[in-house]
Amino acid sequence: MARDRGLEELMREELGDRPALAEKSMFGGWAFMLNGNLLCCARHDGMLIRLGKGNDDWALALPGVIQMLSGERVMHGWVRGGAEVYGDDTLRRRLLDAALAYVESLPSK
């Protein structure tokens, strides 16, 4: 698996030291879980962000943010951003804050 350790570190710094935060290999990258729920993922081709179904329209309107696909299947509620997105500190923080807000609303697993 080709990992982007720089992106992993950026995401780790943004997510901070949360007691219920865990990390593991998943989706061809490095996934971050909160309370057992998948939150986001750092991959060699960008970051995957979980916003929840019906919560992603605003993000998809941002330059460089696209719908996540699994093969040809559209993954509603998930977006993907490449280097131009995760390299922008403000945009990366905004996306991760939205992901945290959504995932924190889910029951723990």
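Okay, F27: at 42% relative accessibility it counts as partly exposed, where partly exposed is the band between buried, under 20% relative accessible area, and exposed, over 50% (1.4 Å probe, protein chains only). F27 sits in the loop between β1 and β2, and its phi is near 55°, a positive value in a residue other than glycine. Most residues other than glycine have a negative phi.

Before I go on, this is a predicted model, where local features need pLDDT of at least 70, side-chain atom pairs count only at pLDDT 80 or more, and totals for chains, interfaces and linings use all residues. Numbering runs from 1 along each chain as its sequence is written, and side-chain values use heavy atoms, with hydrogens and water left out.

Back to that loop between β1 and β2: G28 has its place there too. G28 is partly exposed, with a relative accessible area of 41%. Its C-alpha atom is separated by 6.5 Å from that of R43, 15 residues apart along the chain.

Now N35, in the loop between β2 and β3. Phi of N35 is near 55°, again a positive value in a residue other than glycine, and at 27% relative accessibility N35 counts as partly exposed.

So what order do the elements run in, from the N terminus on? It goes α-β-β-β-β-α-β-β-α-α, with four helices and six strands in the protein. Those are DSSP runs numbered from the N terminus: helices are H or I with at least four residues, strands are E with at least two.

Let's look at α1, residues 5–15. Buried there are L7, E8, M11, E14 and L15. Seen down the axis of α1, the buried residues fall within an arc of 130°, so they line one face of the helix; that arc is taken from the directions from the helix axis to the C-beta atoms. The face turned away from the buried side carries the exposed residues R5 and E13. And what do the buried residues of α1 pack against? They pack against β1 (21–26), β2 (29–34), β3 (37–43), β4 (46–50), α3 (83–86) and α4 (89–104), with contact meaning heavy atoms within 4.5 Å.

Last, the whole chain. Of the 109 residues, 42% count as buried. Residues 24 or more positions apart account for 51% of the contacts with a separation of 6 or more. Along its principal axes, the C-alpha trace spans about 35 × 30 × 30 Å.
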